[in-house]
Amino acid sequence: MSTEPLVIFTPSGKRGHFPAGTPILTAARQLGVDLDSVCGGRGICSKCQITPSFGEFSKHGVTVQEDAISEWNSVEQRYKDKRGLIDGRRLGCQATVQGDIVIDVPPESQVHRQVVRKAASDRTITMDPATHLYYVEVDEPDMHEPTGDLERLERALQEQWEIGSITADLKILTRLQTVLRKGKWTATVALHKSHKDDAHKVVEIWSGMTEDRIYGLAIDLGSTTIAAHLCDLRNGEVKASTGVMNPQIRFGEDLMSRVSYAMMNPGGDQEMTNAVRTAINGLTEAIATEAGIRPFQILETVFVCNPVMHHLLLGIDPVELGQAPFALATSESLALNARDLDLNVMNENAQVYILPCIAGHVGADAAAVALSEEPDKSEDLVLVVDVGTNAEILLGNKERVLACSSPTGPAFEGAQISSGQRAAPGAIERIEINPETKEPRFRVIGSDIWSDEDGFDAVIATTGITGICGSGIIEAVAEMRIAGLLDPKGLIGSAEQTGTSRSIPEGRTHSYVIHDGSAEGGPVITVTQGDIRAIQLAKSALYAGARLLMDEMGVDTVDRVVLAGAFGAHISTKHAMVLGMIPDAPLDKVTSAGNAAGTGARIALSNLGARVEIERIVREITKVETAIEPKFQEHFVNANAIPHATDPFPELAKITTLPDVSFNTGGSGGGDQGGRRRRRRG
């Protein structure tokens with residue numbers, strides 16, 4: 001048995017015997033314990049903070065004496081005086097082993113700290129980013145040893161960090177000599193090495209020891225919105241999240257409209273490229289300001305996007321994506337410099353990684369969803385639907401995964417809806433309609449109080465009631481169907497047919513009034529027949545895409561459904577089922593994953609192994625092309641009914657009764673005047 005002191009690290013539980021006098025940092029490294037250090041053990045960076053524990057530890061079979069660790073030294077005192085150090089904490093590079101000791105490594109000292117992705121699942125992200133900081137002491141130049149500053153920097157990294165060869169582009173070389181001399185031959189270097197690189201690339205350099213943190217952006221570049229997460233590249237912490245409208249909307253609300261714009265307008269593709277790059281630059285500046293950092297500190301960016309957005313971001317004409325065989329310029333992952341994409345607000349040397357696309361209509365965003373939700377590892381059959389202007393749909397398990405995209409359009413985003421708006425304070429986001437009185441009650445964004453509750457008017461005094469957002473219109477249409485205001489074909493009944501004056505004539509059709517604010521100079525918020533039709537078209541495309549994958553898989557049901565996307569995070573699963581947006585399934589098996597594409601982007605930003613994994617996965621996913629599948633149109637037509645013309649919905653029938661009503665458009669009071677027959681509908 002060894003007579004050397006036993007060192008036990010928590011929470012990892014790793015242990016080993018070391019000679020007295022061994023620095024705690026050295027013991028941690030030899031055991032593979034996750035203890036950070038940027039300065040290489042010089043007592044400068046303070047990243048290696050640890051907490052020694054004393055007393056009896058029956059679990060570990062040791063008793064730790066007060067003298068089991070070396071005494072507090074002058075380096076630690078200097079650091080505490082200058083920057084502060086929590087009582088009980090020690091610097092792992094300064095404290096040494098003197099006896100059996102239990103050492104706790106706090107989360108902020110763990111370079112590979114796991115981050116729980118609460119919005120998506122209980123899985124964790126293990127930090128292993130491509131970009132790291134290293135502090136080095138570089139030999140001064142010597143007339144008798146004629147080597148360049150870059151070569152001596154490389155040698156210092158090899159000797160002090162066991163880093164292999166490095167490269168640096170001209171932007172770094174022009175600053176290198178000034179930086180080294182200013183730092184008196186010490187520097188902090190940001191090195192980037194992807195899973196495909198042989199050498200480390202110098203992407204930034206600071207004189208001496210920097211206090212700067214380095215950051216990365218995970219960007220979900222969608223057709224309607226651009227969402228970004230600013231992440232600390234040391235521990236994965238999300239410092240800020242924000243989003244903006246994609247300015248390409250002015251060229252067309254859906255993808256094919258933008259392809260058509262590029263076809264019909266010479267230089268139109270470049271217009272859209274310039275617009276989206278400008279928006280990303282503005283977003284970068286805004287998110288850096290929100291987080292209180294300098295854009296200069298953003299050294300890496302990961303993009304996920306659909307194929308059309310992918311090409312327009314890269315400056316590639318998307319015309320080939322508008323016609324069979326829907327050929328991509330490249331489907332592989334891409335590694336670029338930020339300046340290649342005119343992204344000039346973040347650090348000019350920032351590295352960009354774009355996830356691979358699955359096929360011509362199934363892009364890197366679907367790949368990111370697959371990375372986040374892992375259908376390829378599922379024991380049961382899971383349907384993952386990323387709800388957006390262009391829905392990405394995955395169906396599979398550990399045996400096989402299928403994918404398709406479906407052009408749902410912008411109705412789910414509140415666009416093309418008469419009273420629709422983006423999700424913002426004042427927008428109706430929840431609604432209930434009493435089946436007996438046909439009276440609505442609703443909640444608006446910014447308020448937790450329903451419209452029929454005391455205090456509602458006071459709460460919304462500053463925002464007012466301004467419109468209805470995507471989740472609100474979904475609930476409104478579903479509630480109208482439950483309340484008998486809407487028939488299975490999607491027709492709104494008249495006042496006489498429905499028994500409420502809220503059904504008002506509008507030409508040969510009708511609208512339902514949710515809120516009339518005209519007396520106070522506000523808007524009249526209605527659901528029109530045109531709104532119903534827009535929602536029918538969107539949900540039919542979504543359902544038809546899912547049903548097509550089920551046909552390919554040879555199944556009529558799925559075990560569970562995951563709704564992804566910012567919209568999917570806010571939609572009511574019950575109302576989605578009433579509409580027939582998704583196949584029938586038990587409601588407790590329908591869950592939300594939030595912005596799964598954005599989460600996938602974060603995973604790829606944080607972990608190099610994940611990049612290897614998704615590049616493998618996309619090669620194994622089977623693509624189903626909705627545009628050329630004959631059965632898509634059949635499924636689409638049947639899905640126009642609410643919830644569906646032919647497919648049974650037995651699980652839905654367990655939770656609600658849908659009245660069997662039938663209306664027509666024969667004038668303001670036309671149709672089957674008495675015609676409400678009620679029965680339980682599946």
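Phe442 and Phe456 are both buried in this predicted model. Their ring centres lie 6.0 Å apart with the planes at 80°, so the two rings meet edge-to-face. Phe442 belongs to strand 24 (residues 440–444) and Phe456 to helix 9 (residues 456–459), so this pair ties together parts that are 14 residues apart in sequence.

**Aromatic pairs**

- The count of aromatic pairs in the model comes to 6.
- Another of these pairs is Trp206 with Phe296: the ring centres are 6.2 Å apart and the planes stand at 85°, so this pair is edge-to-face.
- Trp206 sits in strand 13 (residues 200–207), while Phe296 sits in the loop between helix 6 (268–291) and strand 17 (298–305).
- The pair of Trp206 and Phe296 therefore links distant parts of the chain, 90 residues apart.
- Trp206 counts as buried because its relative accessibility is 10%, under the 20% cut-off.
- Phe296, with a relative accessible area of 29%, is partly exposed.

**Charges over rings**

- Arg441 lies over the face of Trp450, 4.3 Å from the ring centre.
- Arg611 lies over the face of Tyr353, at 4.5 Å from the ring centre.

**Helix 6 with helix 7**

- The axes of helix 6 and helix 7 (residues 307–314) come within 8 Å and cross at roughly 85°.
- That angle makes helix 6 roughly perpendicular to helix 7, since angles of 65 to 115 degrees are classed this way.
- On the helix 6 side, the meeting residues are Asp269, Met272, Thr273, Val276, Arg277 and Ile280.
- On the helix 7 side, they are Leu312, Leu313 and Leu314.
- By class, this contact of helix 6 with helix 7 has 6 nonpolar, 1 polar and 2 charged residues.

**Helix 15 with helix 16**

- Helix 15 (residues 596–606) packs against helix 16 (residues 608–620) at an angle of about 120°, and their axes are 5 Å apart.
- Helix 15 brings Ile603, Ala604, Leu605 and Ser606 to the contact, and helix 16 brings Leu608, Ala610 and Arg611.
- The contact of helix 15 with helix 16 divides into 5 nonpolar, 1 polar and 1 charged residues.

Definitions and conventions: Residues numbered from 1 in each chain as written. Predicted model: local features only at pLDDT ≥ 70, side-chain atom pairs only at ≥ 80, totals over all residues. Heavy atoms only, no water. Axes fitted to C-alpha atoms, helices over the stretch in contact; angles between N-to-C directions. Helix = DSSP H or I, 4+ residues; strand = E, 2+ residues; numbered from the N terminus. Contact = heavy atoms within 4.5 Å. Nonpolar A, V, L, I, M, F, W, Y, C, P; charged D, E, K, R; others polar. Phe/Tyr/Trp six-rings, centres within 6.5 Å; stacked < 30°, edge-to-face > 60°. Buried < 20%, exposed > 50% of the residue type's maximum accessible area, 1.4 Å probe, protein only. Lys NZ or Arg CZ within 6 Å of the ring centre and 35° of its normal. Parallel < 35°, antiparallel > 145°, perpendicular 65-115°, else oblique.
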